[in-house]
Amino acid sequence: MAMAADDMYEDEVDLRTPLLQLGDDVPNFSCDTTQGFVTLHDTIQGKWVMIFTMPKNLDPISVSALAAVAKLKEEFDARNVSVYGLGVDSKMNHKVWVSDTYELQEERVNFPIIVDDKAQISKAFGLVRPNETDFMHALVPCMLCVVIDPDLKMQYMAHYPMSTGHNYKEVLRVIDSLQLTREHPVCTPANWMVGEDIFIKAEVSLNEASERFVKGFLEIRNWFRLTAVPD
C-alpha cells in the first residue's frame with residue numbers, strides 16, 4: 001500500500017515556514033548542552049547571544065573555533081554577550097570534543113555547546129537542505145555564526161565555507177558596531193574599529209545632529225557626515 005506524501009515527509013522542513021533572516025524574531029527553543037539544559041529566551045534576558053555552528057566534531061577547524069572563542073570569552077563577556085557552540089552530534093561526543101580541544105589547543109572550552117542531534121535548530125538556521133530524509137546527508141556544507149540582540153532579533157549571520165574558519169575578532173568588531181548603532185543614530189564605515197570616526201545616519205536632520213553630537217561633526221554632503229563616537 002502506498003504511503004501518503006504527508007507520511008513520507010513528516011520529518012522534513014516545513015517549506016511554508018520561512019528560514020530566519022536578518023531582523024527576524026528568533027523563535028524560542030529548549031535544548032540540552034554540554035553544561036546543562038537551556039531555553040533560549042530565558043537565557044537572553046537582556047543579553048546578546050552569539051551562536052556558531054560546527055557540522056562535524058572530528059574536524060580541525062571546529063576544534064580551532066572552540067579554542068578561539070574560549071580565548072576571547074572575556075571579550076564577549078565584557079560586551080554582555082553569551083556564547084554558544086552548536087553541533088549536530090550527541091552530548092557524549094561533544095564532551096569528547098571539549099577534551100580534544102584542550103589536548104590539541106591547550107584551551108578549556110568555557111561555554112556551552114548545544115546538542116542539536118536532530119538538527120532542529122540547524123533547520124531553522126537554514127543549514128539543512130529540504131526534502132532529505134537523512135539530515136546528516138542534507139547538511140549544508142558551511143559554518144554559520146549568528147548574533148541575536150536583547151530584543152530577540154537576528155542581527156548578524158555569516159556563512160563560511162567548510163575550508164575556512166571564522167574570524168571571531170571580526171565578530172567582536174561587528175558586535176561593537178551593532179551595540180553602538182543600537183544606542184545612537186549612526187553607522188560605521190568599512191573596516192571601522194572602535195575609537196575611529198563614524199557616520200551620522202542620512203535621515204538625521206541638521207538640527208537634530210547639532211543637538212545630539214555635541215563633539216561636532218564634519219559635513220561633506222548632507223548625507224555624508226563624520227563625527228566622533230559619542231560618550
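User: Hi! Which strands make up the open sheet, and in what order?
Analyst: Hello! This is a predicted model, and in it five strands form an open sheet in the order β5-β4-β3-β6-β7, with mixed pairing.

User: Nice. Which strands stand at the edges?
Analyst: Those are β5 (113–115) and β7 (154–161); each has a single partner strand, so one side of each is left without a neighbour in the sheet. On average, neighbouring strands of this sheet are turned by 20° against each other, direction ignored.

User: In what sense do β3 and β4 pair, parallel or antiparallel?
Analyst: Parallel: β3 (residues 48–54) and β4 (residues 81–87) are joined over seven bridges. If you want a spot to look at, Met 50 has Val 83 in β4 as its bridge partner.

User: And β6 with β7, parallel or antiparallel?
Analyst: That pair is antiparallel, over seven bridges. Cys 145 stands opposite Ala 158 in β7.

User: How many residues sit between β6 and β7 in the hairpin?
Analyst: Five, and Leu 152 in that turn has a positive phi of about 70°.

User: Switching to helices: which strands does α3 touch?
Analyst: Helix α3 (residues 60–71) packs on the sheet and touches β3, β4, β5 and β6 (142–148). The direction of α3 makes about 160° with that of β3.

User: What about α5, where does that one lie?
Analyst: Helix α5 (residues 91–105) lies across β3, β4 and β5, and runs at about 160° to β5.

User: How do the axes of α3 and α5 cross?
Analyst: They cross at roughly 80° and come within 9 Å. Crossing angles of 65 to 115 degrees count as roughly perpendicular, and α3 and α5 are therefore roughly perpendicular to each other.

User: Which residues meet there?
Analyst: From α3 you have Ser 62, Val 63, Ser 64, Leu 66 and Ala 67, and they meet Trp 97, Thr 101, Leu 104 and Gln 105 in α5. By class, this contact has five nonpolar, four polar and no charged residues.

User: Last topic, cavities. How many are there of 30 Å³ or more?
Analyst: The count comes to two. The second largest cavity has a volume of about 40 Å³.

User: What lines the second largest cavity?
Analyst: Its lining is Phe 29, Val 38, Thr 39, Leu 40, Thr 43, Tyr 84 and Ile 114. Five of the lining residues are nonpolar, two are polar and none is charged.

User: Which elements supply at least two residues of that lining each?
Analyst: That would be β2 (38–39) and α2 (40–44).

Key:
Residues are numbered from 1 along each chain as its sequence is written. This is a predicted model: local features need pLDDT of at least 70, side-chain atom pairs count only at pLDDT 80 or more; totals for chains, interfaces and linings use all residues. Side-chain values use heavy atoms; hydrogens and water are left out. On a 1 Å grid over the protein atoms alone, a cavity is a set of points where a 1.4 Å probe fits but cannot get out, and a pocket is an open set with protein on both sides within 12 Å along at least five of seven lines; lining residues have an atom within 4 Å of a point. Grid points are joined across faces, edges and corners, and a volume is the space filled by probe spheres set on the points. Helices (H or I, at least four residues) and strands (E, at least two) are DSSP runs, numbered from the N terminus. Ala, Val, Leu, Ile, Met, Phe, Trp, Tyr, Cys and Pro count as nonpolar, Asp, Glu, Lys and Arg as charged, and the others, Gly among them, as polar. Two strands pair if DSSP finds at least two bridges between them. Axes are lines fitted to C-alpha atoms, for helices over the stretch in contact, and angles run from 0 to 180 degrees between N-to-C directions. Contact means heavy atoms within 4.5 Å. Angles under 35 degrees count as roughly parallel, over 145 as roughly antiparallel, 65 to 115 as roughly perpendicular and the rest as oblique.
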